Amino acid sequence: MAIQCGYLGRGTVTRLEKFIKEDALRCSQCDYIPWDKLKNKKLLVTGATGLIGSSIVRILLHINEWRALELSILILTRSTEKARKVFGADLDKITLIHGGGYQTIPDISSDIDYIIHGASPTSSKFFVENPVETLETAFYGTNSLLRLAVDKNVSAFLYLSSMEVYGTPEKGTRIKESDSGSFDPAKIRNCYPLGKIVCENLCCSYAKEYNVPVKIARLTQTFGPGVDYKDSRVFAEFARCAVEHRDIVLKTKGQTQRDYLYTADAVSGILTILLKGECGQAYTVANEGTYCSVYEMAGIVAETYGIGLRVQEQDVLKQGYADTLYMDLDTEKIGRLGWRSTVGLGEMYRRMIEAMRQESCD
């Protein structure tokens, strides 16, 4: 089915830009975030061209102006071209540091006050096809950034981890940060969660041995405006089906149940942990109100956008699909810092789909 696209003339604000500005306003009004701690500081972000990293940078650029923070934002990236595509004219407001690998990073002459380390592969297919690179990128990249944190005597270092460190909990279990998962090291896809666990331990080791003020954010699956149209994850496939008005076809029964998180809520959670979290501690970040099965989520999208939903089971193990999960996350710990989620599943999809619909027309 052909996708009807509205004309965007020069100077027209895109839906993505509109949503980012609205999300920045939402974050700026979070009075539990101590914004003054960012005043006249320098923040380094890795993974800044990815969904979460770019959301952090874009939102902070607005808040930086509105709150007159005079915050300097530095991004470490392997691709100047991709950074230019993601940030456009806003790249002039950012200090870009070009880095070609994960084992070493370029010399950075300026001071750095805060580091948010979010660089990581996110595709299950990549994990299965490139398990060595997945592990090496995780460990060596994190180690390089932690060494930089020591050299720069940073005020805080935040590591972006994942809910996957909790393994495969039994159905009906409420999962707290103290719960640890068990993993079969011979299962290749476990390179991703095991890499995250090793890096969490590495962060805590640097905190113990070198007094690096590390904090860890364990994010559940996160989406919103800014998701790449070709993203291979299941939530993006559902959104593409809505945009292209075609049926959702599940390759499994969709029994996995988990919480989800809106991009701007992820940003406010990350900043809350960075600026208020306890050193050496991990915090789960999720919207508990979104807990549902993959099948139920597909049903919400199908009903909202008037498309069909079918199940055609396939052998998906070779494609890197995770085991059936029951990831019912407890967010009480980050809640004690004042953080709370604000956007539910329906609105998450609406904003993502509107931005993707426009992207598909560009």
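Modeller: Rings of Phe, Tyr and Trp (its six-membered ring) count as a pair if their centres lie within 6.5 Å, with planes under 30 degrees apart called stacked, over 60 edge-to-face and the rest tilted. Searching the whole structure that way turns up 6 aromatic pairs. Before going further: this is a predicted model, where local features need pLDDT of at least 70 and side-chain atom pairs pLDDT 80 or more, while totals for chains, interfaces and linings use all residues. Numbering starts from 1 along each chain as its sequence is written, and side-chain values use heavy atoms, without hydrogens or water.

Let's take one pair. Phe-223 and Tyr-260 have ring centres 6.0 Å apart and planes at 65°, so they meet edge-to-face. Phe-223 sits in strand β8 (residues 221-223) and Tyr-260 in strand β10 (residues 257-262), so to speak a link between distant parts of the chain, 37 residues apart. (Strands are DSSP runs of E with at least two residues, helices runs of H or I with at least four, numbered from the N terminus.) Phe-223 and Tyr-260 are both buried, that is, under 20% relative accessible area, where over 50% is exposed and anything in between partly exposed (1.4 Å probe, protein chains only). Ring pairs also tie Phe-223, Phe-235, Tyr-260 and Tyr-349 together as a cluster.

Ignoring neighbours within four places in sequence, Tyr-349 is in contact (heavy atoms within 4.5 Å) with Phe-223, Phe-235, Phe-238, Ala-239, Met-297, Val-301 and Tyr-305. Now for the core. A nonpolar core here is a set of buried Ala, Val, Leu, Ile, Met, Phe, Trp, Tyr and Cys residues joined through side-chain atoms within 4.5 Å. The largest one holds 76 residues, and Phe-223 and Tyr-349 are among those with the most contacts inside it, along with Val-57, Leu-60, Ile-75, Phe-238 and Ile-248. Helix α8 (residues 263-276) supplies the largest share of this core, 8 residues. There's a second, separate core as well, with 24 residues, including Leu-44, Tyr-159, Ala-207 and Ala-282.

On to the sheet. It is open, has 7 strands in the order β3-β2-β1-β4-β5-β7-β11, and its pairing is parallel. Two strands pair if DSSP finds at least two bridges between them. At the edges sit β3 (95-98) and β11 (281-285), each pairing on one side only. On average, neighbouring strands of this sheet are turned by 20° against each other, direction ignored. α8 packs on the sheet too: it touches β4 (114-117), β5, β7 and β11, and its direction makes about 160° with that of β7. Those angles, between 0 and 180 degrees, compare N-to-C directions of lines fitted to C-alpha atoms, for helices over the stretch in contact.

β7 (residues 214-219) in turn runs parallel to β11, joined to it by 5 bridges, and Lys-215 has Gln-281 in β11 as its partner.

Not counting residues up to four places away in sequence, Ala-156 touches Asp-113, Tyr-114, Ile-115, Pro-213, Lys-215 and Leu-274.

Asn-153, in the loop between α5 (131-152) and β5 (156-162), has a positive phi of about 50° although it is not a glycine. Asn-153 is exposed, at a relative accessible area of 65%. Ala-68 likewise has a positive phi of about 50° without being a glycine; it lies in the loop between α2 (51-66) and β2 (72-77) and counts as partly exposed at 41% relative accessibility.
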